[in-house]
Amino acid sequence: MRDPSALKVESFLEMMSAERGAAANTLQSYERDLEDARSFLNERGVRLAEATPDDLRAYLGHLTKQGFAASSQARRLSALRQFFKFLYGEGLRGDDPTGILDAPKKGRSLPKTLSVDDVTRLIARAEAEALEPGGNLILKRRMHLLVELLYATGLRVTELVSLPASVLAQTGRFLIVKGKGNKERMVPLSRAAVAALEAYGEVLAAAIGDDPAAGDFLFPAESKEGHLPRQVFARDLKALAGRAGIRAETLSPHVLRHAFASHLLQNGADLRAVQELLGHSDISTTQIYTHVLEERLHQLVQTHHPLAKQAKKPD
């Protein structure tokens with residue numbers, strides 16, 4: 001007989017999709033995390049939907065022994081909180097066992113980012129390759145456009161690779177992006193991004209012709225989703241970084257998103273404006289970038305201030 005908890009997890013995921021508009025990646029993450037907890041508890045003879053606070057503490061302790069970072073444990077606890085909140089709200093439980101659980105303590109990790117010089121080199125390399133004769137022109141112009149768009153808008157990588165083909169028909173310098181929870185926001189484009197979009201659109205139109213199957217996405221691909229997979233873009237971005245003389249292991253699409261936010265704040269942008277551009281629902285998520293700037297200022301003073309240099313001299 002199937003574990004009733006599995007059916008309740010399915011109902012929870014259906015609710016998250018239908019009522020909250022959760023993205024496919026979010027739903028998959030919830031499903032994996034809840035299935036892991038359910039499997040652990042089943043071995044202890046406990047059904048997930050009937051777990052007590054002590055059962056859940058045992059699960060978190062198990063994650064610690066397995067070497068999971070505090071951030072990974074916190075993510076799984078968050079999934080459990082959402083699940084039991086759903087059960088309580090639906091009257092399937094009379095209490096929420098996660099209510100008295102403490103989140104795993106973790107240090108604040110500052111997001112990785114790139115210097116303005118590194119971003120300039122990266123974009124310059126992508127642009128130079130897009131202008132070179134020969135080779136696969138559509139792939140080279142696609143890469144140039146991806147980098148220009150990502151740094152100009154700070155889009156999440158999923159938002160970027162799944163942009164609709166209708167973007168090519170736009171006439172202004174703004175994009176309407178559908179983000180988490182199907183919330184729409186408007187992001188501005190740089191002149192360089194607009195130019196790259198036009199150049200890419202020309203070769204894309206020549207490549208797909210009248211093929212209706214290739215017309216749904218700005219970056220069509222023969223994948224399950226029908227557009228360029230995130231993993232392929234991340235791989236190609238690292239390769240581009242290597243050709244630009246940037247350490248490939250330091251770069252990912254998310255790092256460019258961080259660079260977009262950090263550089264805006266560094267040049268005096270309002271924190272609330274950056275929050276809107278990034279699509280953050282909570283200002284506290286955006287505030288992490290102010291800590292990046294504070295850390296850099298501290299390093300700058302320690303490296304270049306005359307008194308700091310004097311203090312380092314031996315007696």
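**Notebook: cores and charged pairs**

I looked up the largest nonpolar core, which has 49 residues, with L149 and F233 making the most contacts inside it. I took a nonpolar core as buried Ala, Val, Leu, Ile, Met, Phe, Trp, Tyr and Cys residues joined through side-chain atoms within 4.5 Å; buried means under 20% relative accessible area, exposed over 50%, and partly exposed in between (1.4 Å probe, protein chains only). A second, separate core of 28 residues includes Y59, L63, A79 and L87.

The model is predicted; local features need pLDDT of at least 70 and side-chain atom pairs pLDDT 80 or more, while totals for chains, interfaces and linings use all residues. Residues are numbered from 1 along each chain as its sequence is written, and side-chain values use heavy atoms, with hydrogens and water left out.

I next checked F233. Not counting residues up to four places away in sequence, F233 touches M143, L146, L150, V157, L160, V161, L228 and P253 (contact: heavy atoms within 4.5 Å).

I then turned to salt bridges (a side-chain nitrogen of Lys or Arg within 4 Å of a carboxyl oxygen of Asp or Glu). The structure holds 15 of these salt bridges. D33 pairs with R76, the closest N and O atoms being 3.7 Å apart. D33 lies in helix α2 and R76 in helix α4, so this pair ties together parts 43 residues apart in sequence (helices are DSSP runs of H or I, at least four residues, numbered from the N terminus). Both D33 and R76 are buried.

I also noted E148, which is buried yet has no salt bridge; R173, the nearest side chain of opposite charge, is 10 Å away.

Key. Lys and Arg count as positive and Asp and Glu as negative; His and the chain ends are not counted. Helices (H or I, at least four residues) and strands (E, at least two) are DSSP runs, numbered from the N terminus.
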